[in-house]
Amino acid sequence: MANTTANPLWPHYAAVAAIALALVAGLFRFLVLDALDPLKCSALLTQGQWLDPKHKNWQPEGKSDCILEYNAARHMNAELRAHEFFLSKINAGCMMHPYKPKDVSTCFPGKRIVFAGDSVTRSLFFAFAHLADPSLPPETPKDDYQQKHADHLLHSPEGDINFEFYWDPFLNSTKVKGMLTGSETQVEKPALLVLGSGLWYLRYPEDSGGLAGWEGMVDQTFASIPQRLPGLADRVVVLPVEEPVISKLSPERAATIHLGDVDAMNSDLMHRVARMSHGSSIWGPTPLPTYPIAIPTIFNKMLLEDETQDGLHFSNFILSQQANLLYNFRCNEALPKYYPFDKTCCNSYPQTPFIQLFVLVLVLAIGPFVRFAGPYLVSYKPTLAAFLPGSDYLIPLTIFGAVVGLNFMADRTAIWMKEQKQFDPWVFTGLCVLSVVAGLATMKGKDKDLGLLNRDQTDEWKGWMQLAILIYHYLGASKISGIYNPIRVLVASYLWMSGYGHFHFYYKKADYGMLRIAQVMVRINTLTIILAYVMDTDYVFYYFAPLVSFWFVIIYGTMFIGHKYNENTGFMIAKILGSAVVLTYVFKSQWIIEFLFGILNRFFAIRWEAREWMFRVTLDLWIPYVGMLTALAYIKAQQHNLMDHPRFPMALKTAIGTSVVGLAWFFWFELRQPNKFVYNGWHPYISWIPVLSFIVLRNCTSYLRSVNSRAFAFVGRCSLETFIMQYHFWLAADTRGILMVLPLGTAWRTLNMVVSSIGFIYVCHHVAEATGWITNWVCGTPRKARLPTPAVQSAQTNGRTEEAIPLLPADQSGAPKANSPAKTVVFDAEAAN
């Protein structure tokens, strides 16, 4: 019978294939398809859909077939038709920025915004102004007819912005004609000119001339605008003719307003814009923002029947969404370009600063450079050999550089699309269930008790927690309090591990040398610091690595002060409590941290946000100390053989029952909180309850201590890298969006997630390995050495032996004594990763 055993390297091949597919698809889109719409302006103005059933999250993305259909009907030239065909089939996703008053004042300082048109345009005008300044009215008085059909002038003190609306439903008034022809001298040209008309021509055909009169007005308008630019306005927007909800129109309006006429008018507008196009690409002319007039045809797709009462005028919600789209069109390119880069519609990435480019080139080139140029340099000057990495480190350096470059390509270029997050409870539940199934399906047991918190178990713990955090971030679940609160506990668990692991090491080893400090700090911070420079962010932005590093320093200082007396239990407890009191005073006082961060800003130009850092630290202010006290208690219990006490089984049963009640109480309590902000106030005081409860339940039997999930452990061994790299390579826009590696659009998000997730985990695994090698090189430790970690026995990982440190009495060789009991602690000192 033929051997059907699967190739053990198939996961490697699958991951490489996923990355290759993503690269090819991204480059093809960037170099070929995106030549039609490089800034995603056309995607913003003509394509999009609501992501959620409640219509709260608008995503500029989708297929626009109206242009193609009209072009075919009008028998446009074959070259332009081919171009439009490609455009209609492209899913050009991008991210809209939710504009705030501060953003608007930055975009339009001391500027004029001019709207002219009918009642639909007037409604949009008030929504546009209200979004810029909430003190301005959101709409005209409904019971004042004179105010409705009148000009309106609004002023926003914040930014000194003037908003002007001119009532001209036929766009044929002296005022509007004067602006378009230049016969009227303007005090200052508008930063944005918005014109809207059409429905009044249909509503009053006797007075306006109907469709023929509208076409004549459009002829004059479209002939005047190109001649007056750029003196007319910075940008000119002509609104599409609104598609009314016919079933809700009054009989008088329904008698003259017909959807067929509206469609014909909008098709005519798009045909005129296509003819005015001056841009070009490999496909020919491009109807993109190279033309002088922008028409947001997507406005009609944003309309919802439930959001209008008269079928003609829509709610403030719809209008605010349309106004925000106009702000994205006009202001995204004008706003300062710094992270987070969450404005990818109608916006270009900034030119790479020198420092950023230098570091990027350095990390990309160091491995290949030493590989090819190293021998020549050493032969020329042998002393350089001491400073160059050995041949064993070149592949890890090359991998590390390639991964950093991949992050840059993903989140600082337009090669891959970025789209907005959308929470879906069913998707969230499904992904969590699939993760649990994968974890349970890969459970593996050993024929002996591995002890409390053994290495495999802590890797597994980090792995499933990291998967939960990744799903939480990918779907943007932070707004759901019932999900946010448990995720906070997971972060607290990492910090508990940090306190437990580092205390255990220093208490048992008493090694306070600089090598250990260097190993921990380099291992944790290498990727974070490099990304901070390459991505032009800052160190604290990747808060987890700074947080773990901070707590390592605190734990080290606590253990080092008076370390000769650490065996004294009372002294050790007093030190831990004293450290907690001092740190609490420092962070609760606030002024100390603000003073220190002020010094960094003034003398070193390091602009870290003090309030954000205080929030991160104080949210889990005491859980690392709980980890330290837990480690101390367990060590003392071992020393006094409490596990052999006759009453220990009863104590264990009591602990199990208490843990079950503790977990149930926690979920009951956190679900009863009105919002996550209220929960945050409780979190520092109660997070230890679910953490310790889980540890007791996970280790309550020898069988549970001997089994672990290989899938979860695999993720856990690169949990630090997944936490950091998700900012740019799995998520996007500095965590504000998601990365779309396949140019297939929102409908294919599931496939996109599968492909990107496979590549993401694979890359994180390899960069974790590479960072371990780089740590050994930087710290000058032997190639096979790793961070000292308490363990029962030596373990082989990728050909490298991990140092085994028994936690029971051992002989001088470091091996456990033969008669030592089996109750041991196995813990990874890198558990906080």
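This is a predicted model: local features need pLDDT of at least 70, side-chain atom pairs count only at pLDDT 80 or more; totals for chains, interfaces and linings use all residues.
Strands of a sheet pair through backbone hydrogen bonds, either parallel or antiparallel. Here 6 strands form an open sheet with mixed pairing, and their order is β4-β5-β3-β6-β7-β10. Strands β4 (152–156) and β10 (293–294) stand at the edges and have a single partner strand each, so one side of each is left without a neighbour in the sheet. Within the sheet, β6 (residues 192–196) pairs with β7 (residues 236–238) in the parallel sense, over 3 bridges. In one of these positions, Val194 has Val237 of β7 as its bridge partner.

Next come two helices. Helix α18 covers residues 455–474 and helix α19 covers residues 481–509; they pack at an angle of about 145°, and their axes are 10 Å apart. The crossing of α18 and α19 is left-handed. On the α18 side the contact includes Trp461, Trp464 and Ile469, and on the α19 side it includes Ile487, Leu490 and Trp496. The residues of this contact divide into 14 nonpolar, 3 polar and 1 charged.

In soluble globular proteins, nonpolar side chains tend to be buried together. The largest nonpolar core in this model has 135 residues, and Trp496, Phe503 and Trp551 have the most contacts inside it. Helix α19 supplies the largest share of this core, 16 residues. Beyond its neighbours within four places in sequence, Trp551 is in contact with Leu495, Leu583, Val617, Asp620, Leu621, Pro624 and Tyr625. Another core, of 85 residues, lies apart from the largest one; among its residues are Leu45, Trp58, Cys107 and Leu335.

Conventions. Residues are numbered from 1 along each chain as its sequence is written. Side-chain values use heavy atoms; hydrogens and water are left out. Two strands pair if DSSP finds at least two bridges between them. Helices (H or I, at least four residues) and strands (E, at least two) are DSSP runs, numbered from the N terminus. Axes are lines fitted to C-alpha atoms, for helices over the stretch in contact, and angles run from 0 to 180 degrees between N-to-C directions. A crossing is left-handed if the near helix is turned anticlockwise from the far one by less than a right angle, and right-handed if clockwise. Contact means heavy atoms within 4.5 Å. Ala, Val, Leu, Ile, Met, Phe, Trp, Tyr, Cys and Pro count as nonpolar, Asp, Glu, Lys and Arg as charged, and the others, Gly among them, as polar. A nonpolar core is a set of buried Ala, Val, Leu, Ile, Met, Phe, Trp, Tyr and Cys residues joined through side-chain atoms within 4.5 Å. Buried means under 20% relative accessible area, exposed over 50%, partly exposed in between (1.4 Å probe, protein chains only).
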